[in-house]
Amino acid sequence: MIDSDTHSGIAERYLDFAQQPGYLQLCAIRKQAEAASLSDPFFKCHDGWVGATTTIDGRQYINYASYNYLALSHDERVISAAKESIDRYGTSVGASRSVSGERPVHGELETALACYHGTEDALVFVSGHATNVSTIGYLLGPGDLLIHDKYIHNSSLMGAKLSGARRMSFPHNNLEALEALLKAQRHHYKRALIVVEGLYSMDGDISDIRGLIALKQRYQCWLMVDEAHSLGVLGANGGGLQEHAQIDATDVDIWMGTLSKSLASSGGYIAGVKALVDSLRYFSPGFLYSVGMSPQVAAPALEALRIMQAEPERVHKLHAISQYFLERAKALGFDVGTCTGNAIIPVIIGNSMQAIAISHKMFELGINVQPILHPAVPEQSARLRFFLSCEHTQAQVDETLNKLFTILQGTSFTHPV
């Protein structure tokens with residue numbers, strides 16, 4: 001029976017937003033931070049465009065808190081594409097694409113994305129998070145099975161919940177555990193989907209895609225790869241996990257990606273066979289019942305994709321500076337976990353409040369790097385997460401890591417430096 005302490009029969013704490021578990025947790029964290037004289041590390045307001053450097057409250061910082069991997073969000077050609085699209089189409093398409101919101105730029109972007117992946121077709125959504133939620137939520141249902149890497153993004157978990165399918169996880173990048181699950185469970189379900197990321201956003205490591213393909217074929221599953229962080233980052237020319245591992249596009253059933261990182265815009269997409277994409281175009285709720293992507297969002301993504309493919313030196317510079325950062329971090333004794341040195345490099349601290357404190361000290365020294373805290377990661381692996389850009393220099397990396405080393409030396413933390 002539900003607790004009751006009012007005449008209506010429902011306890012007040014169930015109705016008061018200030019008494020909800022999430023808000024109470026937030027208040028507790030804020031109280032701890034206030035006691036340690038730490039400012040809120042989140043929602044910092046940047047004065048202008050953000051890349052390897054940024055300006056916050058009039059002060060310039062070396063910046064590691066942006067997905068602008070290829071430095072295209074402030075490229076004049078990308079900005080011009082956005083402006084020109086507004087002049088031609090206005091600021092909104094004014095309806096869902098199925099009703100009257102379709103514009104030529106949508107089809108041009110989808111054709112370019114399909115060509116990039118080597119698939120038959122592609123479909124863009126207005127949100128990267130909604131892309132996974134709506135796609136998984138539509139494709140699966142009760143009687144189906146979704147198996148995902150333990151570190152998969154929240155959007156895939158929400159999609160699984162929406163679908164009603166049975167959801168199971170396997171330890172991060174552990175294909176032996178995945179096969180054991182498939183062997184024990186696959187035959188109980190109609191459809192089965194394995195979901196992984198190309199480049200993991202918390203640990204900066206990569207899926208064993210060849211091993212995953214072998215398992216999905218052996219156990220007759222679909223395989224979905226979330227390329228949100230690997231598009232434009234992995235592969236000699238930014239071709240993503242497919243180029244990195246030298247596999248055929250058709251070996252993966254569902255390619256998912258976002259437009260908000262290397263492609264300097266916002267939104268997400270699915271690429272695959274025409275039957276998959278057509279089904280999503282006509283029936284996926286997150287696409288069908290949402291307004292079409294704004295022209296000033298689609299056009300810069302298309303231009304960024306063209307530039308990325310025409311100027312692979314951006315990718316080469318990103319690879320070089322990422323590897324330099326990783327090697328220097330390891331040389332200083334920092335715990336970088338399983339990171340492979342591809343744009344995302346964590347420095348594991350091991351405690352959320354310590355991570356906040358170190359991030360705060362780095363900010364005071366002119367370095368903007370965000371702490372990643374529980375529950376986003378396990379409490380014992382709270383970290384600073386460094387996003388690299390092709391515009392970062394070795395001098396900036398040296399300054400950053402030397403300051404971090406000095407901070408850690410001057411603390412009582414047990415970090416191995």
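Colleague: Which residues is Ser155 in contact with, leaving aside its neighbours within four places in sequence?

Modeller: Contact here means heavy atoms within 4.5 Å. By that rule Ser155 touches His129, Asn132 and Val133, once neighbours within four places in sequence are left aside. This is a predicted model, in which local features need pLDDT of at least 70 and side-chain atom pairs count only at pLDDT 80 or more, while totals for chains, interfaces and linings use all residues. Residues are numbered from 1 along each chain as its sequence is written, and side-chain values use heavy atoms, with hydrogens and water left out.

Colleague: Where is the place of Ser155, and is Ser155 buried or exposed?

Modeller: Helices (H or I, at least four residues) and strands (E, at least two) are DSSP runs numbered from the N terminus. Ser155 sits in helix α6 (residues 154-163). Buried means under 20% relative accessible area, exposed over 50%, and partly exposed in between, with a 1.4 Å probe and protein chains only. Ser155 has 2% relative accessibility, so it counts as buried.

Colleague: At what angle do α5 and α10 pack?

Modeller: Axes are lines fitted to C-alpha atoms, for helices over the stretch in contact, and angles run from 0 to 180 degrees between N-to-C directions. Helix α5 (residues 128-139) packs on helix α10 (residues 274-283) at about 100°, and the axes are 11 Å apart. That makes α5 roughly perpendicular to α10; angles under 35 degrees count as roughly parallel, over 145 as roughly antiparallel, 65 to 115 as roughly perpendicular and the rest as oblique.

Colleague: Which residues of α5 and α10 meet?

Modeller: From α5 come Thr135, Tyr138 and Leu139, and from α10 come Leu276, Ser279, Leu280 and Phe283. The contact divides into five nonpolar, two polar and no charged residues. Ala, Val, Leu, Ile, Met, Phe, Trp, Tyr, Cys and Pro count as nonpolar, Asp, Glu, Lys and Arg as charged, and the others, Gly among them, as polar.

Colleague: How many residues has helix α12, and what span does it reach?

Modeller: The expected span of a helix is 1.5 Å times one less than its number of residues. Helix α12 (residues 295-310) has 16 residues and reaches 23 Å from first to last C-alpha, close to the 22 Å expected. Its buried residues include Pro295, Leu302, Glu303 and Met308. The buried residues of α12 pack against α2 (76-89), α4 (104-117) and α13 (313-331).

Colleague: How many disulfides does the structure hold?

Modeller: A disulfide is a pair of cysteine sulfur atoms within 2.5 Å. The structure holds zero disulfides. Cys45 is exposed, with a relative accessible area of 58%, and Cys115 is exposed at 63%.
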